[in-house]
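Open the model in your viewer and keep the selection tool at hand. We will go from stop to stop, with something to select at each one.

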Amino acid sequence: MQKTIKLSQIVEKCNLEIVHKSSDYGEISLNSKDVNRPGLQLTGYMGEFPYKRLQIIGRVEYTYLTSLDNRIRYERFRGILSYKIPAIIFSYDQQLPKDLVDLADYYDKTILRSNRPTTNLISILNQSLELLLAEETNVHGELLDVFGTGVLITGKSSVGKSETALDLVRRGHRLVADDMVDIIRYDDRLIGSCPENIRYYMELRGLGIIDVRRLYGIGSIKQDSYIDMVIQLEKWNENYEYDRLGLDDKYTEILGVQLPTLLIPVRAGRNIAMITEAAVMNQRQKNLGHNSAVELTKKLFKESQNKE
């Protein structure tokens, strides 16, 4: 099903003033990430009118409207309001002629106003709609900001995800989410955050619940983060041959986005936090075009050819 949001969410998020509230204001839903500036519609042409979008009246549209004869202006505005539009938003804190407010009351439509310039208002609306209407999911794991890289740590229960996350926090990195990570897709990237009711708390077996922000300070936490790579932890399996070179790139797909993934086996004596730091720095080098495994393989191959 297509995701929808309430008009009231956009009004609150973008700090919009309610000039006239329709009787169904609390039930009005939005499902389009785009907005519309009704230029042609103000001239009387209603073909292909994207009426399901938020309608923005900027300074140009407002000047044109107020320059029209009262009767023509009334008819043009009535033509727009006769459609089932979610709301009309006026920018620049413009004062509405009384006949337009009366029309909104007659057609039971919501009129909003913002003191922002039109371009700025549209930009904020587009960004807010994009975020609120983004595809979403959640995964079990830890999300941390490590050297500015969003690292999602996954694995089965009791493998050591929370302990690794706490160790990374102690090493100066920032916790975004423990146990449950809410994920949205925005602009072909993934953004992760923690459910608000458990934000900044961490569960450690044998110790219980701790408040990371109180114990380690405000610099130890972050509200959300892009997700750039996945570290998958699993208990060491003696019968499995783990990758020793790193030549084969592995990926995890979340909401259609491919994330570089490393499988790290866990056993006594291995410092997983330190390995995670090295993995992040190594992935950065790969992103810059420097793959240590490939470079070493080429070097050894060249040396063996020279010996022959």
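Contact, on this tour, means heavy atoms within 4.5 Å. Helices (H or I, at least four residues) and strands (E, at least two) are DSSP runs, numbered from the N terminus. This is a predicted model, in which local features need pLDDT of at least 70 and side-chain atom pairs count only at pLDDT 80 or more, while totals for chains, interfaces and linings use all residues. Residues are numbered from 1 along each chain as its sequence is written, and side-chain values use heavy atoms, with hydrogens and water left out.

**Stop 1: helix H5**

Select residues 98-107, which form helix H5. In general, an α-helix has 3.6 residues a turn, so residues three or four places apart point the same way.

Following H5 is Asp108, with a positive phi near 55°.

**Stop 2: where H4 meets H5**

H4 contributes Asn70, Arg73, Tyr74, Phe77, Arg78 and Leu81 to the contact, and H5 contributes Asp99, Leu100, Leu103, Ala104 and Tyr107.

**Stop 3: the largest core**

Select Leu144, Val151, Ile153, Met202, Val212, Ile231 and Leu233. These have the most contacts inside the largest nonpolar core, which has 24 residues. A nonpolar core is a set of buried Ala, Val, Leu, Ile, Met, Phe, Trp, Tyr and Cys residues joined through side-chain atoms within 4.5 Å. Among the elements that give two or more residues to this core are strand S9 (142-146), strand S10 (149-155) and helix H7 (161-170).

Click on Ile231 next. Leaving aside neighbours within four places in sequence, its contacts include Val151, Ile153, Leu262 and Ala279.

**Stop 4: helix H7**

How many of the ten residues of H7 are buried? Seven are, so to speak, under cover: Lys161, Ser162, Thr164, Ala165, Leu166, Leu168 and Val169. Just after H7 comes Gly172, with a positive phi of about 100°.

**Stop 5: three loops**

Go to Ile198, in the loop between strand S13 (189-193) and strand S14 (201-204). Ile198 counts as partly exposed because its relative accessibility is 29%. Beyond neighbours within four places in sequence, Ile198 is in contact with Asp178 and Met180.

Asp188 sits in the loop between strand S12 (180-186) and S13. Its phi is positive, about 65°, although Asp188 is not a glycine. With 55% relative accessibility, Asp188 counts as exposed.

End at Leu255, in the loop between strand S18 (250-254) and strand S19 (257-266). Leu255, too, is a residue other than glycine with a positive phi, near 55°.

Technical notes. Axes are lines fitted to C-alpha atoms, for helices over the stretch in contact, and angles run from 0 to 180 degrees between N-to-C directions. Buried means under 20% relative accessible area, exposed over 50%, partly exposed in between (1.4 Å probe, protein chains only).
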